[in-house]
Amino acid sequence: MSFECSDHLNYKVLHLTGEVDLSNSSKVRRCLLDILDHGQSVIVDFSELTYIDSSGMATLVEGLNAANKKKLTLAIANANGAPLQVLELTRLNQVFNLIASVEDIKE
Amino acid sequence: MSDNQTQSKTAQEPSKDQVLIQVNQLDSAYGERKILKGIELSVKQGEILVIMGGSGSGKSTLLKNMLGLMQPTRGEIIIDKMNINTVDKQQMLKLRRTMGVAFQGGALLSSMSVGDNIKLPLRQHTDLDESTISIMTRLKLELMNLAGFEDLMPSELSGGMLKRAGLARAVIMDPKILFFDEPSAGLDPVTSVELDQLILELRKAMNMTIIVVTHELESAFTIADRIAVLYDGEIVKTGTVEEIKACDDERVANLINRKPREVQIDGEKYLSRLTEGAE
């Protein structure tokens with residue numbers, strides 16, 4: 001798994017690549033909470049994500065909770081395949097703001 | 001050639017590179033009593049294999065062997081390219097982290113709350129932050145329709161709830177392989193159907209390989225990709241639901257049609273057993 005950040009409008013975009021699981025979700029958590037601590041909204045880009053487990057999902061839930069408390073936004077872009085199925089299994093597709101692509105985010 | 005050997009040549013049998021679990025010529029015994037005889041079985045990645053059989057057929061013994069809780073008297077079990085009968089303790093521990101087990105009665109520790117029971121594997125095997133562990137636990141409780149039961153003690157749950165809590169703990173680390181002992185036993189029909197649905201969803205979303213031991217026909221027919229029928233310690237047939245239903249082997253047909261087996265008695269031996277040691 002690797003991740004990198006870019007900017008889009010006022011948002012920080014967190015691009016996740018490969019598999020997020022128990023062995024690396026703590027890194028994603030630190031990065032996500034760090035962005036939110038700096039007062040920036042986040043789009044988590046799933047386009048290169050092949051797998052995400054419950055620890056990854058829990059990390060995103062934690063991020064969403066932190067974003068809501070700070071009146072920031074956390075959205076997920078390009079959720080497809082296995083990661084989308086995990087979102088659906090955990091019913092988190094009804095909780096997160098899922099957008100088709102990073103460009104779909106409204107200012 | 002046995003029926004099982006014939007079956008191994010059909011299209012449903014996984015090819016070598018797909019196989020995640022391979023059981024070769026497995027014999028297992030309790031003391032002198034031979035329980036499993038020459039078991040040959042393979043399970044492929046992402047497959048739901050149901051092991052069926054009547055009471056005393058050897059289902060639980062096979063499960064114990066596959067979990068490495070029992071040493072076979074002959075044969076071997078290969079899981080994820082590792083021979084579990086010869087790997088060292090460290091490798092076995094590593095392998096066990098990729099396996100989840102849901103026992104028949106839930107097997108929760110009675111001195112801990114439901115939530116703490118489910119969190120236990122994460123606290124023992126990961127360095128995840130406690131807040132992440134807490135959310136993961138609640139996600140699994142939601143999945144099992146046990147939201148809000150986190151702080152209760154196991155003794156405060158019904159049988160069905162205990163089973164679902166046990167399943168929540170078994171899948172808390174998103175295992176690659178899930179072993180499930182009698183998922184439907186003791187459950188009401190609705191809960192049983194919900195649990196079957198959940199097993200199918202887990203496989204679909206997590207690509208989990210699931211081995212279910214059961215004697216519940218309806219549940220087996222709903223969830224199985226393939227069914228292995230055990231009779232008197234031997235696998236007498238392995239096949240898809242349709243193949244099992246169409247099987248004309250009397251032992252399989254009797255199981256499917258819930259026909260009690262006819263016990264053949266050797267009169268002399270029977271009398272001897274009854275009167276052994278008597279004056």
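**Notes on a two-chain predicted model**

1. Let's start with V50(B): leaving aside neighbours within four places in sequence, V50(B) is in contact with V212(B), T214(B), A220(B), I223(B), A224(B) and I227(B). Contact here has a cut-off: the C-beta atoms of the two residues, placed from the backbone, lie within 7 Å.

2. A word on bookkeeping. Residues are numbered from 1 along each chain as its sequence is written, while chains are lettered from A and ligands numbered from 1 in the order in which they are written. This is a predicted model, where local features need pLDDT of at least 70 and side-chain atom pairs count only at pLDDT 80 or more, but totals for chains, interfaces and linings use all residues.

3. Which residues touch the most other members of the largest nonpolar core? V50(B) is one of them, along with V42(A) and V229(B), and that core has 100 residues. A nonpolar core is a set of buried Ala, Val, Leu, Ile, Met, Phe, Trp, Tyr and Cys residues joined through C-beta atoms within 7 Å. Buried means 20 or more other C-beta atoms (placed from the backbone) within 10 Å of the residue's own; 12 or fewer is exposed, and in between is partly exposed.

4. V42(A) also turns up in a sheet. In chain A, five strands form an open sheet in the order β1-β2-β3-β4-β5, with mixed pairing. Strands and helices are DSSP runs numbered from the N terminus (strands: E, at least two residues; helices: H or I, at least four), and two strands pair if DSSP finds at least two bridges between them. At the edges sit β1 (2–8) and β5 (97–99) of chain A, each pairing on one side only. From one strand to the next, the twist averages 25°.

5. Inside that sheet, β3 (residues 42–52) and β4 (residues 74–77) of chain A run parallel and are joined by four bridges. The bridge partner of V42(A) in β4(A) is L74(A). Helix α2(A) packs on the sheet, touching β2 (11–20), β3 and β4 of chain A, and its direction makes about 175° with that of β3(A). Such angles run from 0 to 180 degrees between N-to-C directions, and axes are lines fitted to C-alpha atoms, for helices over the stretch in contact.

6. How do α1 (residues 25–37) and α2 (residues 54–69) of chain A pack? Their angle is about 10°, with the axes 9 Å apart. That makes α1(A) roughly parallel to α2(A). The label goes by angle: under 35 degrees is roughly parallel, over 145 roughly antiparallel, 65 to 115 roughly perpendicular, and the rest oblique. Among the residues making the contact are L32(A) and L36(A) of α1(A), and A66(A) and A67(A) of α2(A).

7. Helix α2(A) has a partner in chain B as well. With α5(B) the packing angle is about 110° and the axes are 8 Å apart, so α2(A) is roughly perpendicular to α5(B). Here S54(A), S55(A), M57(A), A58(A), T59(A), V61(A) and E62(A) meet S131(B), T132(B), I135(B), M136(B), L139(B) and K140(B).

8. Zooming out to both chains, 18 residues of chain B are in contact with 16 residues of chain A. On the chain B side, α5 (130–143) and α7 (189–206) are the elements giving two or more residues, and α5(B) gives the most, with eight.

9. Is α2 (residues 59–66) of chain B enclosed or open? Six of its eight residues are buried, so it is largely enclosed by the rest of the structure. Those six are K59(B), T61(B), L62(B), L63(B), N65(B) and M66(B). Just after this helix, G68(B) takes a positive phi of about 75°.

10. Last, a hairpin. Strands β9 (residues 226–231) and β10(B) pair in the antiparallel sense over five bridges, with Y231(B) partnered by E234(B). Two residues lie between the strands, and D232(B) takes a positive phi near 50°. Five of the six residues of β10 (residues 234–239) of chain B are buried.
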